[in-house]
Amino acid sequence: MTAIAPTAETATPGTNRRPPAAMRRAGDWARRAPLLPALVFLIIVTQLPFVATLVISFMDWNSLYPDQRGFAGVGNYADVFTDASLRSSVVTTIILTVSVVLISVIFGLGIALLLNRTFRGRGFVRTLMIAPFLVVPVAAALLWKHALFNPEYGLFNGILTWLFGPDAPQPDWITEAPLAAVVASLVWQWTPFMMLILLAGLQSQPLDALEAARVDGATPMQMFRFLTLPHMRRYLELGALLGSIYIVQNFDAVFTLTSGGLGTANLPYTIYQTFYQAHDYGRASAAGVVVVIGTIAIATFALRVVSSLFQEEEGRA
């Protein structure tokens, strides 16, 4: 007996109908409801303080002169870009960020290339290489200040004494090269972060292309230049962008090593000085808003790089 397919008249009512819009909305809210407490907490902790900072940035507010508080318009932002000390801190922030990111990426790539090889104890070595990134930033800065840079008992001067005898020079590293000292401590801490990202990129490289190039007689340098580097471009960009987001806001190393002296005061430290020492809340808030806007701009590029990496991985799958 031939089965008869159900028609629109004979089909069971409601079997092929889409749920009403109200039911769909209720289902959407049911899925989102568990996330609402976290969203409310995030708004209270991050967005409300930023709104308050934005409002204060348009005010002439110095706690030393409480009777003179009023609306300043964009005057605080004009001071941020015209004040000599603030301009100097912006330049220092750029130099510090570019130097640390560039050196960390180069060192991280070299270490990642070494750790991408197979050798005994590779897992243990990888764990040791990650360790500096796990150290608390203030503790890392204190380690460099007292254990390495100290002119009397630091490791660097001890090595000089061991190599050249008691007459070896004993430089005060932080005093003679303050910005380089800050850069060195940050490079030590952020190189493992770059290494992790670049090592993940190396391990995602297709092996068949490398094997084909090796069979065709390509040298290791040619394989690195024409195969590995193009593949690693996105990962290099991602590491540089993420590193820039964090390093442009760095405060711990500058505060701990030099206390902002000797030309090492970056923008976060200058904001600290303006807020807690000069008590100029309006100007400090304006400088903070500038830092946040710059960070958002860098983060936007980072998110684009991440999304492009995801799209490439989906295309390979």
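The model is predicted, with local features needing pLDDT of at least 70 and side-chain atom pairs counting only at pLDDT 80 or more, while totals for chains, interfaces and linings use all residues. Residues are numbered from 1 along each chain as its sequence is written, and side-chain values use heavy atoms, without hydrogens and water.

Begin by selecting helix α4 (residues 84-115) and helix α13 (residues 267-277), which pack at an angle of about 150° with their axes 8 Å apart. The two are therefore roughly antiparallel, a term for angles over 145 degrees. Leu86, Ser89, Val90 and Thr93 of α4 make the contact with Leu267, Pro268 and Thr270 of α13, where contact means heavy atoms within 4.5 Å.

Next, select helix α2 (residues 36-56), which gives nine residues, the largest share, to a nonpolar patch. This surface patch of about 960 Å² includes Trp29, Leu36 and Phe41; its members have over 30% relative accessible area and no salt bridge, with nonpolar side chains joined within 5 Å.

Finally, select aspartate 79 and arginine 283, whose side chains meet in a salt bridge at 3.4 Å, N to O. Aspartate 79 lies in helix α3 (residues 75-82) and arginine 283 in helix α14 (residues 281-316), 204 residues apart. The count comes to five salt bridges, each a side-chain nitrogen of Lys or Arg within 4 Å of a carboxyl oxygen of Asp or Glu.

Technical notes
Axes fitted to C-alpha atoms, helices over the stretch in contact; angles between N-to-C directions. Helix = DSSP H or I, 4+ residues; strand = E, 2+ residues; numbered from the N terminus. Parallel < 35°, antiparallel > 145°, perpendicular 65-115°, else oblique. Patch = residues over 30% accessible without salt bridge, like charges linked within 9 Å, V, L, I, M, F, W, Y side chains within 5 Å. Areas by Shrake-Rupley, 256 points an atom, 1.4 Å probe, with all protein chains shown as cover.
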